[in-house]
Amino acid sequence: MGRGGTAAQVERIVRGWRRVDRQAEAKESARRHASRALHVYEDEDGTVVVRGRLAPEVGAVLLQALAAARETLYQQRRREETATSPTDAAADTPTRAQQQADALALLAETALHHRLDPGGPGERYQVVVHVDAPVLADPDQPGQSVLAGGTRVPAETSRRLACDASRVVMRHDEDGRIVEIGARTRTIPPALRRALHHRDRGCRFPGCGRPVAQGHHIRHWAQGGPTTLSNLALLCRWHHGAVHEEGYQVERLPDGTLRFRRPDGRLLPDVPPPVAVPADPVQALQARHDTQGLRLHPRTACPQWLGERLDLGWAIDILHPLATQAAGSRP
């Protein structure tokens with residue numbers, strides 16, 4: 001019907017089909033709703049495993065959101081790869097499953113950034129990390145660096161999280177008993193955060209610019225770095241992790257500009273070279289269509305309908321197996 005009729009005709013047939021199948025559809029919808037579930041648990045190695053079943057419309061929203069997040073991350077990687085060699089880019093390309101995991105992390109970060117529950121208490125959705133002061137100052141020092149549930153995380157991960165977070169200083173005696181708890185303070189005060197966002201406008205990593213970004217101490221506050229505008233830069237979650245855990249380096253020059261280096265010390269250009277555009281984009285598009293087996297012509301979108309009136313009742317009788325049982329309610 002889609003190949004032979006117009007969009008309006010197909011829409012009318014679908015509406016008629018649904019009226020005939022209303023009861024069965026309602027039962028199926030109730031069954032799907034009752035079977036909804038989401039299981040989240042921690043594996044033995046500390047990774048979190050997610051498994052679930054969603055209603056079709058909720059699943060569609062999630063798939064669209066994941067696709068949008070993957071596209072955002074893909075565009076970031078593409079801009080970065082233009083500044084690296086093709087062999088490096090191919091080696092670092094994540095798998096589809098890894099892309100899905102990164103996209104889900106981006107969705108969670110974006111939801112909390114936009115305050116999913118603006119009327120609720122601010123502490124409800126915080127991730128708590130316990131880390132010893134010597135470990136923050138020097139990741140090679142012994143000490144704890146664990147999430148609230150007891151899962152150990154790398155010291156450099158704690159340093160990244162501590163760059164832009166609330167902190168509470170707790171002092172312990174030799175037996176581990178708490179002897180003093182300081183007041184909760186923001187690593188970056190609200191007024192300074194507003195100035196930082198106004199200056200940087202988004203992630204400062206070359207080629208990124210994502211507006212959802214975190215404050216990064218160029219010299220970490222645990223090593224004596226001041227929490228001042230000159231010692232701060234905005235980095236998105238992806239590139240904040242790259243600077244802390246993947247060996248990328250950033251420094252501020254005397255003139256105020258930022259200079260980024262790869263883990264091997266090579267400089268990253270401020271603006272990656274633009275993507276190459278074919279000399280004849282139309283010819284390139286036609287060549288791509290030929291490769292994909294697409295044959296587009298002026299009448300590709302024209303239906304085979306010759307203008308006759310649509311007999312909706314007859315169409316439903318022919319198509320739907322339950323139509324004879326609902327003959328009295330034929331539209």
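**Exercise 1. Decide whether Asp264 is buried or exposed, and identify its salt-bridge partner**.

At 52% relative accessibility, Asp264 counts as exposed, where buried means under 20% relative accessible area, exposed over 50% and partly exposed in between, with a 1.4 Å probe and protein chains only. The model is a predicted one, in which local features need pLDDT of at least 70 and side-chain atom pairs count only at pLDDT 80 or more, while totals for chains, interfaces and linings use all residues. Residues are numbered from 1 along each chain as its sequence is written, and side-chain values use heavy atoms, with hydrogens and water left out. The partner is Arg266, whose side chain meets that of Asp264 in a salt bridge at 2.8 Å, N to O; a salt bridge is a side-chain nitrogen of Lys or Arg within 4 Å of a carboxyl oxygen of Asp or Glu. Arg266 itself is partly exposed, with a relative accessible area of 38%.

**Exercise 2. Find the residue with which Arg295 forms a salt bridge**.

The partner is Asp290, and the closest N and O atoms are 3.8 Å apart. Arg295 counts as exposed, at 59% relative accessibility. The whole structure holds 10 salt bridges.

**Exercise 3. Determine how many disulfides the model contains**.

A disulfide requires a pair of cysteine sulfur atoms within 2.5 Å, and by this rule the count is 0. Cys203 is in no disulfide, since its nearest cysteine sulfur, that of Cys208, lies 3.7 Å away. Cys203 counts as buried at 5% relative accessibility, and Cys208 is also buried, with a relative accessible area of 13%.
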